[in-house]
Amino acid sequence: MAVEMKQFQLQVFGDSHLVINQLLDSYEVKKPELRPYHDYAKNLMGWVGDVTIQYVSRKENKKADSLAALASSLTLSDQAQVTVCQKWVLPPPNEVEGEGNELKHLVAVSEAEKEEWRQPIIDYLSYGILPENPRRRTKIRRCAPRFLYYKDTLYRRSFEGVLLRCLGEEEALQAL
């Protein structure tokens with residue numbers, strides 16, 4: 001009697017050049033505290049079967065993030081709060097290698113991310129999405145006419161009418 005096994009196909013897209021190359025074994029995992037995550041991800045990749053891993057730059061990923069934000073705002077009522085969290089499948093620290101590939105342990109880690117100051121303005125200019133906080137809604141509505149969102153870049157009109165490119169915190173620090 002022949003047993004037919006289903007072969008899964010998984011495409012993984014990531015915006016961390018380092019992590020993608022570590023999973024492709026192009027780079028070595030040097031931090032010992034990250035080694036269990038890497039080993040478990042490799043275990044899962046072996047369990048799934050056909051896995052394709054591809055790097056996507058963060059610049060190309062902004063559209064996906066915006067679409068995800070738009071989709072979540074359309075499917076939820078005005079009163080709903082969305083908490084962003086990352087979910088990682090982790091092996092327990094004492095698990096012995098080779099005990100099986102069952103997905104028994106799921107850990108959710110919430111990150112309180114600092115909101116990019118430009119994003120609410122971009123969301124409003126692009127999709128008409130406003131924050132739930134009434135004060136922030138009013139603030140965005142008032143300041144939005146001074147901004148222009150063009151080709152994935154936010155500009156602010158100066159008093160003289162000159163368009164000034166708006167930088168994020170990381171970009172501003174790099175410019176120093």
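Me: Why is K151 called exposed?
Reply: K151 has a relative accessible area of 65%. Exposed means over 50%, buried under 20%, and partly exposed in between (1.4 Å probe, protein chains only), so K151 counts as exposed. The model is predicted, with residues numbered from 1 along each chain as its sequence is written; local features need pLDDT of at least 70, and side-chain atom pairs count only at pLDDT 80 or more, while totals for chains, interfaces and linings use all residues. Side-chain values use heavy atoms, with hydrogens and water left out.

Me: Where is K151 placed, and what is its phi?
Reply: K151 lies in the loop between strand 5 and strand 6. Its phi is positive, about 50°, although K151 is not a glycine. D152 is in the loop between strand 5 and strand 6, and D152 has a positive phi of about 60° although it is not a glycine.

Me: What makes D152 count as buried, partly exposed or exposed?
Reply: The relative accessibility of D152 is 46%, and therefore D152 counts as partly exposed.

Me: How do you know that strand 5 and strand 6 pair?
Reply: Two strands pair if DSSP finds at least two bridges between them. Strand 5 (residues 147–150) and strand 6 (residues 153–157) have four bridges, so they qualify by that rule, in the antiparallel sense. Among the bridge partners are Y149 with L154 and Y150 with T153. The two strands form a hairpin with two residues between them, and K151 is in the turn.

Me: What makes strand 6 and strand 7 a pair?
Reply: Strand 6 and strand 7 (residues 163–165) share three bridges, in the antiparallel sense. R156 stands opposite L164 in strand 7. This hairpin has five residues between its strands, and G161 in the turn has a positive phi of about 90°.

Me: Which strands are the edge strands of the sheet?
Reply: Three strands form an open sheet in the order 5-6-7, with antiparallel pairing. Strand 5 and strand 7 are the edge strands, as each pairs on one side only. From one strand to the next, the twist averages 35°.

Me: How many helices and strands are there in the protein?
Reply: There are six helices and seven strands. These are DSSP runs numbered from the N terminus: helices are H or I with at least four residues, and strands are E with at least two. Along the sequence, they follow the pattern β-α-α-β-α-β-β-α-α-β-β-β-α.

Me: How is helix 4 placed relative to helix 5, and why?
Reply: Two packed helices are described by the angle between their axes and the distance between the axes. The axes of helix 4 and helix 5 come within 10 Å and cross at roughly 65°. Angles of 65 to 115 degrees count as roughly perpendicular, under 35 as roughly parallel, over 145 as roughly antiparallel and the rest as oblique; therefore helix 4 is roughly perpendicular to helix 5. The axes are lines fitted to C-alpha atoms, for helices over the stretch in contact, and angles run from 0 to 180 degrees between N-to-C directions.

Me: Which residues make the contact?
Reply: P120, I121 and Y124 of helix 4 meet R136, I140, R141 and C143 of helix 5. Contact means heavy atoms within 4.5 Å. Helix 4 also lies across strand 5 and strand 6, running at about 70° to strand 5.

Me: What residues form the largest nonpolar core?
Reply: This core has eight residues: I121, I122, L130, I140, C143, F147, L154 and C166. A nonpolar core is a set of buried Ala, Val, Leu, Ile, Met, Phe, Trp, Tyr and Cys residues joined through side-chain atoms within 4.5 Å. Helix 4 (119–127) and helix 5 (134–143) are the elements that give two or more residues to it. A second, separate core of six residues includes I20, L23, V51 and I53.

Me: Why does C166 count as buried?
Reply: The relative accessibility of C166 is 8%, which means that C166 falls under the 20% limit and counts as buried. C166 is in the loop between strand 7 and helix 6 (169–175). Leaving aside neighbours within four places in sequence, C166 contacts residues including W117, F147 and L154.

Me: Why does H38 count as buried?
Reply: H38 has 11% relative accessibility and therefore counts as buried. H38 is found in helix 2 (residues 35–48). Not counting residues up to four places away in sequence, H38 touches Q22, L23, D25 and V29. Of the 176 residues of the protein, 19% count as buried.
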